[in-house]
Amino acid sequence: MVEECVLRQQDLVLPVFVSHDKNPVEISSMPGVYRWPLESLESQAKEWYESGIRSLAIFPKIDFSCKDDGGQEILNPSSLAYQAAASLRQLDMDFVLFADLALDPYTRHGHDGILDSQGKVDNDETVEILAKASLLCAQAGFDWVSPSDMMDGRIGVIRDLLDQNGHEDIGILSYSAKFASSYYGPFRDAIGAASASGFIDKTSYQLNPANRTQAYRELFLDFEEGADILMVKPAEPFLDIIKYASENFHLPIAAYQTSGEYSRIMAADKLGWLDGTKCALESLLSIKRAGADLIFTYFADRIIKLLQ
């Protein structure tokens with residue numbers, strides 16, 4: 001009766017990895033999370049839907065043979081993510097579908113953008129290709145495009161291009177305050193986005209975890225450019241940023257409980273040090289309490305059963 005914060009099933013978005021594999025493949029650094037081939041996605045989607053999941057975020061693992069330094073595969077209308085959305089749209093299920101909009105699944109170097117001759121990310125050229133990809137997302141059946149690249153000015157460009165092409169109803173969930181975090185390793189394993197050395201330095205375009213006011217400015221800029229939802233990523237290490245966003249912007253606020261946050265809890269559970277389910281629920285409650293209206297979480301399909 002007196003609980004101040006209530007986690008609801010509609011607060012949760014399940015990230016889904018799709019691949020060209022013949023069978024579902026469990027991700028070794030993310031126990032219980034799989035890459036799904038298109039042939040298995042339809043039947044699995046029915047299970048998610050019956051369990052109460054209503055929102056999915058699609059992340060592709062592209063074959064290396066389809067990658068290049070410019071990430072041109074993202075402009076292929078038959079690319080994996082677009083096929084997945086079209087397949088899900090054929091089902092009699094009202095899923096809300098979020099498209100990841102970044103180049104790291106498509107580039108051989110693993111960066112979120114195109115590199116110039118000096119090896120630095122070319123902001124404007126990257127924005128141009130992401131804006132073109134947003135049209136393909138809309139045509140494939142996605143409800144939302146989610147730019148996760150952290151390029152400057154991309155929200156306004158994407159919004160204008162979507163509107164000019166009759167896609168005013170496609171929303172933009174912007175990864176507005178995305179930090180250069182150590183919690184992304186398992187995700188990069190999942191989508192096969194890693195350099196030859198295994199380390200990718202994204203500090204030139206992702207936020208310094210020490211910089212609070214820089215995050216505030218990024219949130220404000222995306223708000224001004226027309227984002228419909230503002231996201232903070234990672235979630236639990238940056239609860240203060242989530243709180244600021246919820247108190248200062250009259251927009252829904254999203255948070256991404258990242259792969260590293262998931263794997264940390266699962267590893268402790270596997271070792272018998274912590275109760276993984278209880279820790280997952282407590283973590284999600286803390287993110288909701290800080291002010292998140294929706295949470296991307298790999299625990300969604302398991303936690304939702306507890307909420308019911």
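Reader: What makes strand β1 and strand β3 a pair?

Author: In this predicted model, β1 (residues 12-19) and β3 (residues 34-37) share 3 bridges and run in the parallel sense. Two strands pair if there are at least two bridges between them, so β1 and β3 count as a pair. In one of the bridges, F17 has R35 in β3 as its partner.

Reader: How do you know that β2 pairs with β3?

Author: Strand β2 (residues 25-26) is joined to β3 by 2 bridges, and they run antiparallel. At least two bridges are needed, so β2 and β3 pair. R35 in β3 is the bridge partner of V25.

Reader: Why is the pair of Y34 and W36 called tilted?

Author: The ring centres of Y34 and W36 are 5.6 Å apart, and the planes meet at 40°. Stacked needs under 30 degrees and edge-to-face over 60, so the rest, at angles in between, are tilted.

Reader: What makes F179 and F238 stacked?

Author: Their planes are at 5° and their centres 3.8 Å apart.

Reader: Why is W36 called buried?

Author: W36 has 13% relative accessibility. Buried means under 20%, so W36 qualifies. Y34, at 31%, counts as partly exposed.

Reader: How do you know whether W273 is buried or exposed?

Author: W273 has 66% relative accessibility. Exposed means over 50%, so W273 is exposed. W273 lies in the loop between α8 (259-270) and α9 (276-290). With L271 and L274, W273 makes a nonpolar surface patch of about 390 Å².

Technical notes:
Residues are numbered from 1 along each chain as its sequence is written. This is a predicted model: local features need pLDDT of at least 70, side-chain atom pairs count only at pLDDT 80 or more; totals for chains, interfaces and linings use all residues. Side-chain values use heavy atoms; hydrogens and water are left out. Helices (H or I, at least four residues) and strands (E, at least two) are DSSP runs, numbered from the N terminus. Patches are made of residues with over 30% relative accessible area and no salt bridge: like charges are joined within 9 Å, nonpolar side chains (Val, Leu, Ile, Met, Phe, Trp, Tyr) within 5 Å. Accessible areas come from the Shrake-Rupley method with a 1.4 Å probe; for residues, only the protein chains shown count as cover. A salt bridge is a side-chain nitrogen of Lys or Arg within 4 Å of a carboxyl oxygen of Asp or Glu. Buried means under 20% relative accessible area, exposed over 50%, partly exposed in between (1.4 Å probe, protein chains only). Rings of Phe, Tyr and Trp (its six-membered ring) pair if their centres lie within 6.5 Å; planes under 30 degrees apart count as stacked, over 60 as edge-to-face and the rest as tilted.
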